[in-house]
Amino acid sequence: MSIKSDFPHTWANMQKLERKISVKLEREQGELPKRVRKISKTSPLKALQAIYEYVERYFAGAKNLAACQKGCANCCHGRIWIKQVEADLIANTYGLKVPRILEIMDDGTLPVRDSSRPCPFLSADQACTIYEVRPLVCRTHFNFEPTNVLCQYENADKPMPLLDRHKTIPGILDAMEEVGQSHGGGGGDIRRYFGESRINVAANVFSASKPSQS
């Protein structure tokens with residue numbers, strides 16, 4: 001698949017996004033792993049939050065270029081791979097308990113889209129209930145097509161032109177590795193940490209008082 005020739009609209013929007021990212025911001029990505037390594041020595045969760053904050057600034061220009069909108073939650077059904085440290089940040093923020101998974105699980109083994117498996121943190125109105133601490137995979141998933149047609153379940157077998165994370169955000173990925181190694185643990189599908197049931201898990205989130213973060 002060639003994004004440039006097969007999906008010209010997506011290619012054009014990716015180029016627009018690239019032009020919106022300043023040299024200073026790109027340079028900051030190169031320095032991110034070192035900065036995160038320092039923070040991780042005392043608090044891996046704060047280091048993860050620092051990565052998330054940078055990701056929000058890096059992709060701020062994608063807001064008006066992507067077809068993604070609140071309520072369009074097809075990408076929230078299927079595989080959502082997260083690191084142990086990401087699961088622990090969600091648990092710490094909302095007063096939940098998660099298992100400690102030491103190995104890497106579910107990496108590429110589950111369907112990317114599966115209408116029968118909503119994220120446990122997806123509300124009845126198809127909104128993310130943990131948006132402020134949503135995982136990196138969610139923060140970097142964009143459909144730059146003019147509509148969300150390719151996101152529909154019936155098109156799950158069709159190619160989706162997505163950003164190549166390894167080429168676009170290598171510094172962010174390296175920073176995530178730094179945090180993961182410092183915090184320990186492996187990773188897996190989000191349901192391995194929080195269960196399959198959307199309603200029960202969301203109910204726990206809404207009823208829990210948020211503790212102060214360490």
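These notebook entries record what I looked up in a predicted model.

**Entry 1: helices H4 and H8**

I began with helix H4 (residues 44-58) and helix H8 (residues 170-183), whose axes come within 9 Å and cross at roughly 165°. Angles over 145 degrees count as roughly antiparallel, so H4 is roughly antiparallel to H8. I noted that the crossing of H4 and H8 is left-handed. I then listed the residues in contact: those of H4 include Leu-48, Ile-51 and Val-55, and those of H8 include Ala-175, Met-176 and Val-179. The residues of this contact comprise 11 nonpolar, 2 polar and no charged.

**Entry 2: helix H5**

I next examined helix H5 (residues 84-94), in which 10 of the 11 residues are buried. Among the buried ones are Val-85, Leu-89 and Ile-90. Gly-95 follows H5 and has a positive phi, near 70°.

**Entry 3: salt bridges**

I searched the whole structure and found 12 salt bridges. One of them joins the side chains of Glu-178 and Arg-37 at 3.1 Å, N to O. Glu-178 lies in helix H8 and Arg-37 in helix H3 (residues 23-40), 141 residues apart.

I also looked up Glu-56 and Arg-139, which meet at 3.0 Å, N to O. Glu-56 belongs to helix H4 and Arg-139 to helix H6 (residues 136-139), so this pair ties together parts 83 residues apart in sequence. Glu-56 is partly exposed, at 33% relative accessible area, whereas Arg-139 is buried, at 5%.

The side chains of Asp-88 and Arg-100 form a salt bridge of 3.5 Å, N to O. Asp-88 is buried, at 16%, and Arg-100 is partly exposed, at 46%.

Finally, I recorded a network of salt bridges that links Arg-117, Asp-189, Arg-191 and Glu-196.

Conventions
Residues are numbered from 1 along each chain as its sequence is written. This is a predicted model: local features need pLDDT of at least 70, side-chain atom pairs count only at pLDDT 80 or more; totals for chains, interfaces and linings use all residues. Side-chain values use heavy atoms; hydrogens and water are left out. Axes are lines fitted to C-alpha atoms, for helices over the stretch in contact, and angles run from 0 to 180 degrees between N-to-C directions. Helices (H or I, at least four residues) and strands (E, at least two) are DSSP runs, numbered from the N terminus. Angles under 35 degrees count as roughly parallel, over 145 as roughly antiparallel, 65 to 115 as roughly perpendicular and the rest as oblique. A crossing is left-handed if the near helix is turned anticlockwise from the far one by less than a right angle, and right-handed if clockwise. Contact means heavy atoms within 4.5 Å. Ala, Val, Leu, Ile, Met, Phe, Trp, Tyr, Cys and Pro count as nonpolar, Asp, Glu, Lys and Arg as charged, and the others, Gly among them, as polar. Buried means under 20% relative accessible area, exposed over 50%, partly exposed in between (1.4 Å probe, protein chains only). A salt bridge is a side-chain nitrogen of Lys or Arg within 4 Å of a carboxyl oxygen of Asp or Glu.
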